[in-house]
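Please have the sequence and the model open while reading.

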Amino acid sequence: MKSLFFTLVVISLMTHFSEHSYAETKIDGFTTDLISHDSPRSPFYNPSETKYQRLQKAFHRSILRGNHFSAMRVSPNDIQSDVIPGSGGYFMNISLGTPPVQMLGIADTGSDLIWRQCRPCDNCYQQDEPLFDPEASETYKTLACDNEFCRDLEQKGSCGNENTCNYNYAYGTGETFTMGYLSSDTLTIGSGRGEPVSFPGIAFGCAHRTGGKFGEKHVGLIGLGGGPLSLVKQLDSQVGGQFSYCLVPLSTTDSTASSKINFGRNGVVSGSGTVSTPLIKGRPDALYYIKLEGMSVGSTRVEFRGVSAGEEGNIVIDSGTTLTYLPPDFYSEVESALATAINGQTTSDQTRTFSLCYSSGSNLQIPTITVHFTGADVQLPELNTFVQADEDLFCLTMVPSSELFIFGNLAQMNFLVGYDLNNNKVSFKPTDCAKHEFN
């Protein structure tokens with residue numbers, strides 16, 4: 001009788017914990033903050049800088065990031081661009097381990113690997129935050145060489161001592177790198193409403209050697225790209241391959257407003273005003289490609305022209321690149337149509353970042369630019385197409401590039417931008433991101 005009672009108690013406990021585990025991992029949807037690189041909440045915020053100085057640094061990071069992506073496309077395993085990986089525009093709070101250890105990582109739609117520095121880390125860059133201690137986590141594991149995630153590393157992975165999976169990501173000439181054990185642990189994300197949500201067994205790089213262009217305030221990276229090791233791909237069974245973000249514009253006066261990133265049900269973009277375009281596989285697979293067919297300045301349409309005009313996916317959509325990069329010939333036609341429509345006195349940009357600028361004091365009439373993606377016409381008002389780059393400088397946020405073409409984050413602000421990786425589509429919905437409430 002005692003034996004039967006014990007058996008029933010064990011079964012009851014197993015059922016309880018099984019259901020509890022399922023409830024933790026099967027999530028309908030959740031939302032958390034995206035913290036701008038130049039926000040007072042960012043570790044990189046410098047209160048002594050003017051907003052124009054911060055903008056110039058953002059433009060410089062955008063140029064470096066564009067060069068980095070171009071090099072990735074030419075040779076994904078031999079990147080020749082001297083840029084800090086993930087030097088994008090937004091950060092995201094996650095925690096790793098049991099008990100959870102917080103990490104403010106770079107949220108990067110152009111990378112797939114999640115990584116952070118771990119103890120011991122004798123050959124690492126100095127960081128302000130404490131290192132992650134794997135031995136202090138009850139749920140930490142190193143992954144074996146035959147693990148599926150280890151195979152996903154391809155040339156960036158190797159088999160080490162005791163059948164452990166090693167990863168090695170090098171950038172530029174190899175001076176900037178991160179290497180260590182591919183591991184797994186429980187990852188927790190703070191939800192905007194309700195309790196934080198936890199996901200066991202998330203693969204990440206536990207770095208034991210790093211170096212190069214990283215600084216003290218860099219803790220790690222949260223890959224949100226299309227590769228198999230990205231956070232979104234790993235959470236596919238929980239969030240259905242869906243996430244979205246809503247980026248608050250630079251001009252917002254609400255100091256409490258924050259950009260948001262949404263997963264699962266919260267990440268669905270639908271309803272009035274929503275347009276969608278196919279998401280197209282490209283090289284490397286961490287980047288998100290869509291097809292640009294042309295742009296209209298008012299009623300004047302300019303057909304897309306460039307070396308990749310015939311390709312299915314000819315432009316990358318990226319939340320970490322500030323500016324929009326277009327083929328030179330196509331850009332010239334768009335600029336010409338804009339200059340004709342605006343009919344104002346142009347001025348030069350001393351930094352040579354921008355090609356089309358006006359004096360800020362000019363009474364300019366900026367026409368709407370309609371971006372024609374396959375199946376989706378996205379109308380960009382002045383907020384998305386021009387920026388006050390200095391005290392008396394008002395410039396077009398699109399620039400010519402002979403390399404990779406990118407639809408940057410200034411063009412995406414005040415849009416709910418949704419990625420559906422299972423149905424291969426990107427959706428756009430005009431939204432006041434400073435006021436929008438997510439369920």
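## Disulfide count and pattern

A search of the whole structure finds 6 disulfides. A disulfide here is a pair of cysteine sulfur atoms within 2.5 Å. Counting bonded cysteines along the chain, the pattern reads 1-8, 2-3, 4-6, 5-7, 9-12, 10-11.

The model is predicted: local features need pLDDT of at least 70, side-chain atom pairs count only at pLDDT 80 or more, and totals for chains, interfaces and linings use all residues. Residues are numbered from 1 along each chain as its sequence is written, and side-chain values use heavy atoms, without hydrogens and water.

## Cys-118 to Cys-206

Cys-118 is bonded to Cys-206, with an S to S distance of 2.0 Å. The link is left-handed, at -120° about the S-S bond. Cys-118 sits in the loop between strand S4 (115-117) and strand S5 (141-142), and Cys-206 sits in strand S9 (residues 197-211), so the bond ties together parts that are 88 residues apart in sequence. Helices (H or I, at least four residues) and strands (E, at least two) are DSSP runs, numbered from the N terminus.

Are these two cysteines buried or exposed? Cys-118 is buried, at 0% relative accessibility. Cys-206 is also buried, with a relative accessible area of 0%. Buried means under 20% relative accessible area, exposed over 50%, and partly exposed in between (1.4 Å probe, protein chains only).

## Two further links

Cys-121 is joined to Cys-124, S to S 1.7 Å. This link is left-handed, with -75° about the S-S bond. Cys-121 is buried, at a relative accessible area of 13%.

Cys-145 and Cys-159 form another disulfide, with sulfur atoms 2.0 Å apart. Their link is right-handed, at 90° about the S-S bond. It connects distant parts of the chain, 14 residues apart: Cys-145 is in the loop between S5 and helix H3 (148-152), and Cys-159 is in strand S6 (residues 157-159). Cys-145 counts as buried, at 17% relative accessibility.

Strand S10 covers residues 220-223. Gly-220 and Ile-222 point one way, Leu-221 and Gly-223 the other way, and all are buried. In a regular strand, side chains alternate between the two faces of the sheet.

Two strands pair if DSSP finds at least two bridges between them. Strand S3 (residues 101-108) runs parallel to S10, joined by 3 bridges. Ala-107 has Ile-222 as its bridge partner in S10. S4 pairs with S10 in the antiparallel sense, over 2 bridges. There, Arg-116 has Gly-220 as its bridge partner.
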